[in-house]
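Q: I have a structure open and want to go through it piece by piece. Can we start with the terms and then look at some residues?

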Amino acid sequence: MKTNNLIKVCGSITKKESLIPINYNILKNTCVAEANLPYSGYCGLVPEQVNPNSLFLFTTHYYSLEEVLRFAQNIDSFNMEKVNVATASLDFVHHKYSAIRVKYFPDYEHIHLLQSCYIKEGVEFAKKVHISDFALIRVNKCFVLEEIEEGIYFDKKEDHKGYISIPRQFSNSEFSDILIDIRNNTDCKLFDAVMGALIINSKVKEIIRIYSENLNVHLLKCIKEMFTKSILNK
């Protein structure tokens, strides 16, 4: 859906994330983890905050984005309209899990109460997971974007985030090589980047999400140009 320059769509973000378990203020026989190094590819200083980063509430099976959004709509507490919920799959190499991803939750003290609300909605939480340092995480979520130019977007819900469209999907190794080349051989300012996809007009559009506290159109154009050149040179 596009209204003027605003686009409301669903899609996914895939990234390697550092996780740590949370063992307090959660329900017994459940597992919760937090992303402790968000935007790890960004060398700038991400401001510290007292509220949690992305929380992953591990579930016994995968819940669709439609289900996760419906659960949140039925929860009256915690000012849920300001909480960003999504569904996630996490690959720890030797173990794969599903989770409800919760972002912008106000504090750590009430995680167990949020879990109780989800249980009332019928959610079944996993009793045991093996959390190693990193996981390849695919988050399926909703986006509210502003299209600045063709293939260049600003996130209207989350600060310091922008997106560029790319002609095709990259392998993880190819993506990493291009990022190293951009950081070492261009004047593109410091940024974190992860791959993703949007579904627009029933078609999949490959994207790269950019995080930078100095985000602007020039930076997004710089990165988009370098990715395009890398494709043309192959």
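A: Contact, or touching, means heavy atoms within 4.5 Å. This is a predicted model, in which local features need pLDDT of at least 70, side-chain atom pairs count only at pLDDT 80 or more, and totals for chains, interfaces and linings use all residues. Residues are numbered from 1 along each chain as its sequence is written, and side-chain values use heavy atoms, with hydrogens and water left out.

Q: OK, which residues does Asn84 touch, not counting those up to four places away in sequence?
A: Asn84 touches Arg101, Val102, Lys103, Tyr104 and Glu158. Asn84 itself is in strand S5; helices (H or I, at least four residues) and strands (E, at least two) are DSSP runs, numbered from the N terminus.

Q: Is Asn84 buried or exposed?
A: Asn84 counts as buried because its relative accessible area is 16%. Buried means under 20% relative accessible area, exposed over 50%, and partly exposed in between, with a 1.4 Å probe and protein chains only.

Q: And Lys16, buried or exposed?
A: Lys16 is exposed, because its relative accessibility is 59%. Lys16 sits in strand S2. Leaving out residues up to four places away in sequence, Lys16 touches Phe134, Ala135 and Leu136.

Q: New topic. Which residues of helix H2 are buried?
A: In H2, residues 111-120, the buried ones are Ile111, Leu114, Gln115, Cys117 and Tyr118. They are on the same side of H2, because they cover an arc of only 155 degrees around the axis. The arc is that of the directions from the helix axis to the C-beta atoms.

Q: Why would residues spaced like that point the same way?
A: An α-helix has 3.6 residues a turn, so residues three or four places apart point the same way.

Q: What covers the buried residues of H2?
A: The cover includes helix H1 (65-73) and strands S2 (6-22), S3 (32-35), S4 (55-59), S5 (84-91) and S6 (96-103).

Q: Which residues touch the most other members of the largest nonpolar core?
A: Of its 24 residues, they are Leu57, Met80, Val102, Phe105, Ile111, Leu114 and Tyr118. A nonpolar core is a set of buried Ala, Val, Leu, Ile, Met, Phe, Trp, Tyr and Cys residues joined through side-chain atoms within 4.5 Å.

Q: Which element gives the largest share of this core?
A: H2, with four residues.

Q: What comes after H2?
A: H2 is followed by Gly122, whose phi is positive, near 100 degrees.
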